Amino acid sequence: MKLKVKILKFLAGKPVCMVHEKTAGDMSLHVDNRVSIKKNKKKIISIVDFSEALNRNEIAISDEIVKNLRVKTGDIVDVEVTERPHSIDLINKKLKGHELAKEEIKKIIKDIAENELTEAEIAFFISAVYEKDMNLRETKDLISAMIESGSKLRLRGKVADKHSIGGVAGNRTTPIVVSICTTTGLVMPKTSSRAITSAAGTADTIETLAKVDFSVQEIKEILKKTNACFVWGGTLGLAPADDKIIKVGRIMKIDPISQLLASIL
């Protein structure tokens, strides 16, 4: 179905769209169903909600979709209902205690990164890994899948990283350790998360002193000058699946060991 874009300027933290309830009825859509929104050759998967403030031929989209598709108010987009992802069956397989093959783990992570799975379905995946655990081979495959799901920052020199699992409020060793290490010539492109297990993450703390939102190109320029940076990793696309898993895991207050290792590495 072709619908006219209406930009309401709202951030949802994920791709979200709204259509009129009658339009949803025409498409056999329910709240939290998934649709594919396409403009030219670019496509994004979005969660659906309803709004009676829209006309039947309109679709309101979150800023995440605006940025991805580069659309403006009045543009026409193709909207289609997407099929139920196969990765849901794979998550059920893990919930039953079975091992997941490399390609099965890759499929789940790919679908998370591309917004094919809802937050509820991601929560089931986190719960399955937490309850049934992953063996060393599965953990290795999870790490590889997370790396492959995002873009990469390629750097020269001796590149190092410092990571903490957090949990101690007010404990800020990262700025000190990174600053000392880079004086020896190490390159440390430190990306950090926001609050997960405490009230503030490293990115939150640094943001009280300086900006932490940068593009990949801006990070490269910073590293040329200083050998180090303190940036929030949530908008870089280096590990999009990890970002989404962390967001849901924070709500659930559980952090499976396999996913913790994959997140760090």
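Between which helix and which strand does the loop that holds Arg 70 lie? Arg 70 lies in the loop between helix 2 (63–69) and strand 6 (76–81), where helices (H or I, at least four residues) and strands (E, at least two) are DSSP runs numbered from the N terminus. The model is a predicted one, in which local features need pLDDT of at least 70 and side-chain atom pairs count only at pLDDT 80 or more, while totals for chains, interfaces and linings use all residues. Residues are numbered from 1 along each chain as its sequence is written, and side-chain values use heavy atoms, with hydrogens and water left out.

**Nonpolar cores**

- The largest nonpolar core has 24 residues; such a core is a set of buried Ala, Val, Leu, Ile, Met, Phe, Trp, Tyr and Cys residues joined through side-chain atoms within 4.5 Å.
- Buried means under 20% relative accessible area, exposed means over 50%, and partly exposed lies in between (1.4 Å probe, protein chains only).
- Within the largest core, the residues with the most contacts are Ile 109, Ile 112, Phe 125, Leu 142 and Ile 245.
- Two or more residues of this core come from each of helix 3 (87–95), helix 4 (102–113), helix 5, helix 6 (136–148) and helix 10.
- A second, separate core has 19 residues, among them Val 19, Val 35, Ile 37 and Ile 44.
- In soluble globular proteins, nonpolar side chains tend to be buried together.
- Apart from residues up to four places away in sequence, Ile 245 touches Ile 109, Ile 112, Ile 122, Phe 125, Ile 126, Met 146 and Gln 259, contact being defined as heavy atoms within 4.5 Å.

**Helix 5 with helix 10**

- The axes of helix 5 (residues 119–132) and helix 10 (residues 240–252) come within 9 Å and cross at roughly 80 degrees.
- Axes are lines fitted to C-alpha atoms, for helices over the stretch in contact, and angles run from 0 to 180 degrees between N-to-C directions.
- Helix 5 and helix 10 are therefore roughly perpendicular to each other; angles of 65 to 115 degrees count as roughly perpendicular, those under 35 as roughly parallel, those over 145 as roughly antiparallel and the rest as oblique.
- From helix 5, Glu 119, Ile 122, Ala 123, Phe 125, Ile 126 and Ser 127 meet Lys 244, Ile 245, Lys 247, Val 248, Gly 249 and Met 252 of helix 10.
- The residues of this contact comprise seven nonpolar, two polar and three charged; Ala, Val, Leu, Ile, Met, Phe, Trp, Tyr, Cys and Pro count as nonpolar, Asp, Glu, Lys and Arg as charged, and the others, Gly among them, as polar.

**Helix 3 with helix 5**

- Helix 3 and helix 5 pack with their axes 8 Å apart, at an angle of about 25 degrees.
- That angle makes helix 3 roughly parallel to helix 5.
- Ile 88, Ile 91, Lys 94 and Leu 95 of helix 3 meet Glu 121, Phe 124, Phe 125, Ala 128 and Lys 132 of helix 5.
- Six nonpolar, no polar and three charged residues make up the contact of helix 3 with helix 5.

**Helix 4 with helix 6**

- The axes of helix 4 and helix 6 come within 9 Å and cross at roughly 40 degrees.
- The two helices, helix 4 and helix 6, are therefore oblique to each other.
- In this contact, Lys 102, Ile 105, Lys 106 and Ile 109 of helix 4 meet Arg 137, Glu 138, Asp 141, Leu 142, Ala 145, Met 146 and Glu 148 of helix 6.
- The residues of the contact of helix 4 with helix 6 divide into five nonpolar, no polar and six charged.

**Individual residues**

- Arg 70 is exposed, with a relative accessible area of 71%, and its phi is near 55 degrees, a positive value in a residue other than glycine.
- Asn 115, in the loop between helix 4 and helix 5, is buried at a relative accessible area of 14%; its phi, near 65 degrees, is likewise a positive value in a residue other than glycine.
- Ser 36, in strand 3 (residues 34–39), counts as buried at 8% relative accessibility.
- Ser 149 is placed in the loop between helix 6 and helix 7 (174–182) and counts as partly exposed at 23% relative accessibility.
- Glu 104 is found in helix 4 and counts as buried at 19% relative accessibility.
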